[in-house]
Amino acid sequence: MTRQVSLKGRKSADLETMAKKVAVIGAGVSGLISLKCCVDEGLEPTCFERTEDIGGLWRFKENVEDGRASIYRSVITNTSKEMSCFSDFPMPEDFPNFLHNSKLLEYFRIFAKKFDLLKYIQFQTTVISVKKRPDFTSSGQWEVYTQSDGKEQRAVFDAVMVCSGHHIQPHLPLKSFPGIERFRGQYFHSRQYKHPVGFEGKRILVVGIGNSAADIASELSKTAAQVFISTRHGSWVMSRISEDGYPWDMVFHTRFSSMLRNVLPRTVVKWMMEQQMNRWFNHENYGLVPQNKYLMKEPVLNDDLPSRLLYGAIKVKTRVKELTETAVVFEDGTVEEHVDIIVFATGYTFSFPFLEDSLVKVEDNRVSLYKAMFPPHLEKPTLACIGLIQPLGSIFPTVELQARWATRVFKGLCSLPSETSMMADIVERNEKRIDLFGKSQSQILQTNYVDYLDELALEIGAKPDFVSLLFKDPKLAVKLYFGPCNSYQYRLVGPGQWEGARSAILTQKQRILKPLKTRTLQSSASAPVSLLLKVLGLFTVVLALFFQLQGF
């Protein structure tokens, strides 16, 4: 059940009369949806965006800019459009199922225009600091200092939504690579990579085995002399294409599957996961099998990598032991000579330079936030971090539910538990995360997808009641439970209910198939013939059993 303000809790309902002006830091995905949620709840948002445009991570630029996320030109989404759209705004049905970054940015522009969000954004404005007001214990208000055109300004806000992302500061652990100082070739973090031009005919080492590493290695291998991938732990690799050609996440992320993973013994779940991951190809044969294959770590989504390995264009290597002037020595004793370039796809760290450590402290790339959002020690819950999480599914519906909950907390319509309860939840959640995903830095923000969405939906009263639906609308109930768990489900009931949610759920298949149906085909008779053969076969079996029983 949602914790409404009538329930006992340290966070009181007096916020409802004061939480009017909200500062939103960043105009990427999290910032845009936070703006809409503020408007939906009758709040007055102001968004501060340090660049000249919206889109954040998903807006490709040819040059790398300090303080801004950076992607390569060929980036494609790893989650499908039906699982990635905002809950009351489906993507156009003619959009492909997996989007190039430019196409996703187009969706964000359509979204921003539809809900008239640009008027709330102050572009080329950098947030310098966010501080509590002297009377914070009673008012919950913040002083936000910004800079634009060399001028500094100060404004007071009733709440703050931090939407600045966590793919900005590159993690480049050069101390872990002895000899890097004498290496004569070029080396850089994957953040610097933009396109394969200039890498032709080179011998290239990519360090890491995440999505960026696999994408960059696969792309470079088409024109490079040879590409190597160095991985310490290995990884499961999945295709975007799943059963019957449907997007992987439409098949993987169902409530039924999530329920099985939660109730079955861990050994069974781990065995099922291994079988599922090896269905496409045997990872051990390709040198990719994870060191701890029973952890529920995020798999790599890449349709090309196994093929490139099969061609020999990419070779998988163990951890780098040391570097010489032109060679790389690996942990297993093998040596690759004449390496020209090293790409470190070693992830990111994050920080909040505009926040004091006493507000949100980052230690070992971790922060202590209640449900990955709220600092537990604040006297008033008027600051929330949106998007500081890495679900096993799409980030877009996740940040939307975070923003929906945060804005209702700001208004005083939902309350948080005591600091003690929140700290206990943080500890328990971290222990569960380590158990499921391990201690690797790349998994620090990891969380189960469906479980986390339901947690957030429960807070605002937007989780569907399946038992009730089973009697009222069994067709819809079956779709919700056995079909894809996408964002539309969280607009069926509760605050922000959308009348188009049911239709969106029942028509998602046609939006999946629409962009694929670009060739007109004549009606095929194969289906009726196939059905006839099945009927005849069943009839033959029945006749055979009958005659056998008659003693013929």
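Which residues in H10 meet which residues in H12? Select both helices (DSSP runs of H or I, at least four residues, numbered from the N terminus): H10 covers residues 395-411 and H12 covers residues 449-460. Pro-397, Thr-398, Leu-401, Gln-402, Arg-404, Trp-405 and Arg-408 in H10 are in contact with Tyr-449, Tyr-452, Leu-453, Leu-456, Ala-457, Glu-459 and Ile-460 in H12, contact being heavy atoms within 4.5 Å.

The model is predicted: local features need pLDDT of at least 70, side-chain atom pairs count only at pLDDT 80 or more, and totals for chains, interfaces and linings use all residues. Residues are numbered from 1 along each chain as its sequence is written, and side-chain values use heavy atoms, leaving out hydrogens and water.

Stay on the two helices. The axes of H10 and H12, lines fitted to C-alpha atoms over the stretch in contact, come within 9 Å and cross at roughly 20 degrees. H10 is therefore roughly parallel to H12, a label for angles under 35 degrees.

Next, select Tyr-107, Phe-108, Ile-204 and Trp-405, which are among the residues with the most contacts inside the largest nonpolar core, a core of 100 residues. Such a core is a set of buried Ala, Val, Leu, Ile, Met, Phe, Trp, Tyr and Cys residues joined through side-chain atoms within 4.5 Å; buried means under 20% relative accessible area, exposed over 50%, with a 1.4 Å probe and protein chains only. H10 gives the most to this core, with eight residues.

Finally, go to Leu-516, in the loop between H16 (508-513) and H17 (526-549). Leu-516 counts as exposed because its relative accessibility is 56%.

Methods:
Helices (H or I, at least four residues) and strands (E, at least two) are DSSP runs, numbered from the N terminus. Axes are lines fitted to C-alpha atoms, for helices over the stretch in contact, and angles run from 0 to 180 degrees between N-to-C directions. Angles under 35 degrees count as roughly parallel, over 145 as roughly antiparallel, 65 to 115 as roughly perpendicular and the rest as oblique.
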